[in-house]
Amino acid sequence: KLQFLYLIGGGALPRTNTERPVRVTRPVTMHVGLGVVLGPALLSAAASIGATMAIEKWGGRIGGLLGSLPTTIVPASVGLWATATDAAAYEAGLCVVPGGMLVNAGFLLCWRLLPPRLPHLGLTARLAAVTALSLGVWGAGAWLSVVFSEREAAAGLPPLRSGVAAFLVLVTFGLV
């Protein structure tokens, strides 16, 4: 078995949607079987590779349609379910997915907007600059997402609230 150590660090996590957050002052240890972690991870990887191959083989319309199906979240949700302590923890885990997708969208947007705005220093220098800047944006967005989720949980707000908000922002990005 693998041993995962979740350091809550004095943060607050709700046990249910109706219960006030509970302060955790010591590390929480969870034992998870190797198959619970590797199974969903390998299925997600296979789905991502398959989507890429479909786009290359059948083009943007058919391959893009197949690639946009929720093929990676299904195995990931199986892994979340297997490691969740209860239904509320599973719900909280799934509700942060749109926030992660929003962070990834910001990362991809950097790759679209930054290259034409950088000075012409040569391909290697521009690639390094775009990589560093986009990873910085992704890291800052991931940090903000975690901080926001922790504060939301500490305030006793339902995790679905931020999930729906992130989803609406993603839809707005898609329409613009």
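A pocket here is an open set of points, on a 1 Å grid over the protein atoms alone, with protein on both sides within 12 Å along at least five of seven lines, and its lining residues have an atom within 4 Å of a point. Grid points are joined across faces, edges and corners, and a volume is the space filled by probe spheres set on the points.

Before you start clicking: this is a predicted model, where local features need pLDDT of at least 70 and side-chain atom pairs count only at pLDDT 80 or more, while totals for chains, interfaces and linings use all residues. Residues are numbered from 1 along each chain as its sequence is written, and side-chain values use heavy atoms, leaving out hydrogens and water.

**Whole chain.** Colour by secondary structure and you will find six helices and four strands; both are DSSP runs numbered from the N terminus (helices H or I, at least four residues; strands E, at least two). From the N terminus on, the order is β-β-β-β-α-α-α-α-α-α. Of the 176 residues, 17% are buried (under 20% relative accessible area; exposed is over 50%, partly exposed in between, with a 1.4 Å probe and protein chains only).

**The second largest pocket.** Now select G67, L69, T72, M101 and N104, which lie nearest the centre of this pocket among its 18 lining residues. The volume of the second largest pocket is about 500 Å³. Which helices each supply at least two residues of its lining? Show α1 (34–67) and α4 (97–117); α4 gives the largest share, seven residues. By type, the lining has eleven nonpolar, seven polar and no charged residues (Ala, Val, Leu, Ile, Met, Phe, Trp, Tyr, Cys and Pro count as nonpolar; Asp, Glu, Lys and Arg as charged; the others, Gly among them, as polar).

Go to A92 in helix α3 (residues 87–95). A92 is partly exposed, at 31% relative accessible area, and its C-alpha atom is 5.5 Å from that of P159, 67 residues apart along the chain. Next, pick V146 in helix α5 (residues 123–154), partly exposed at 46%.

**Last stop.** Select F167 in helix α6 (residues 159–175). F167 counts as partly exposed because its relative accessibility is 47%.

Terms used
1 Å grid on protein atoms, 1.4 Å probe; cavity = no way out; pocket = protein on both sides within 12 Å on 5 of 7 lines; lining within 4 Å.
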